[in-house]
Amino acid sequence: MHNNTEENIEAVRKMALQFLAEAIGQCPAGLESSSNRDIVFAVVGFQYGAVQSAAYVAGIGEEASLGITEDVVQRINGMDRESVSKFLSLMPTLASKEYPPIGIGGKAIIAFYNAATNEEKLETTASLREILRQIDEA
């Protein structure tokens, strides 16, 4: 059982990193250095939703799930642990208020995982780009 949990944690981490790298690759250059707080919250919210959803489906507990999320968000954005912790501490509140990027990220990673073709996978990664487009238009 212990090995299975560790394997599930590593599988979620790998899948989340793959999915989020693809999603960020669909976005405008310089996203990781944006100072627009709306964009930063949308991106981190999307990432949070994706990792939490994958962890939930894999049957990973809340504490382990948070550890995966911290690791993935830190690695994918090149952020320090303190900054990641500050952003992630706000995510449960935003999730309870149904902050759209969190829900979209959660649905997109499941669609990515279940996609039968590379084209379908690519379509799921475009959801982050769409969120950012809407923020730019607002």
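In which hand does α2 pass α6? The crossing is right-handed. The legends below cover that view and several others. This is a predicted model, in which local features need pLDDT of at least 70, side-chain atom pairs count only at pLDDT 80 or more, and totals for chains, interfaces and linings use all residues. Residues are numbered from 1 along each chain as its sequence is written, and side-chain values use heavy atoms, with hydrogens and water left out.

**View 1. Helix α2 against helix α6.**
Helix α6 covers residues 118-137. Helices are DSSP runs (H or I, at least four residues), numbered from the N terminus. The axes of α2 and α6 come within 10 Å and cross at roughly 160°. Axes here are lines fitted to C-alpha atoms, for helices over the stretch in contact, and angles run from 0 to 180 degrees between N-to-C directions. The two helices are therefore roughly antiparallel. Angles under 35 degrees count as roughly parallel, over 145 as roughly antiparallel, 65 to 115 as roughly perpendicular and the rest as oblique. A crossing is left-handed if the near helix is turned anticlockwise from the far one by less than a right angle, and right-handed if clockwise.

**View 2. Helix α2 against helix α3.**
Helix α3 spans residues 62-77. Its axis lies 9 Å from that of α2, at an angle of about 140°. That angle makes α2 oblique to α3. The crossing of α2 and α3 is right-handed.

**View 3. The stacked pair F19 and F46.**
The structure holds three aromatic pairs. Here the ring centres of F19 and F46 are 5.8 Å apart and the planes stand at 25°, so the pair is stacked. Rings of Phe, Tyr and Trp (its six-membered ring) pair if their centres lie within 6.5 Å; planes under 30 degrees apart count as stacked, over 60 as edge-to-face and the rest as tilted. F19 sits in helix α1 (residues 2-25) and F46 in helix α2 (residues 37-57), so the contact ties together parts 27 residues apart in sequence. F19 is buried, at 0% relative accessible area. F46 is also buried, at 0%. Buried means under 20% relative accessible area, exposed over 50%, partly exposed in between (1.4 Å probe, protein chains only).

F41 is buried at 16% relative accessibility. F87 is buried at 11%.

Ring pairs link F19, F46 and F112 into a cluster. K121 lies over the face of F112, 5.0 Å from the ring centre. A charge sits over a ring if NZ of Lys or CZ of Arg is within 6 Å of the ring centre and within 35 degrees of the ring normal.

**View 4. Two residues of helix α1.**
I9 is found in α1. I9 is buried, with a relative accessible area of 19%. I9 and I68 are 59 residues apart in sequence and 7.3 Å apart in space, C-alpha to C-alpha. K14 is also in α1. K14 is exposed, at 56% relative accessibility. K14 and D136 are 122 residues apart in sequence and 30 Å apart in space, C-alpha to C-alpha.

**View 5. Confidence along the chain.**
Mean pLDDT (the predictor's confidence in each residue, from 0 to 100) is 87 for the chain, and 93% of residues reach 70 or more. Confidence is lowest in α1, at a mean of 85, and highest in helix α5 (residues 100-114), at 94.
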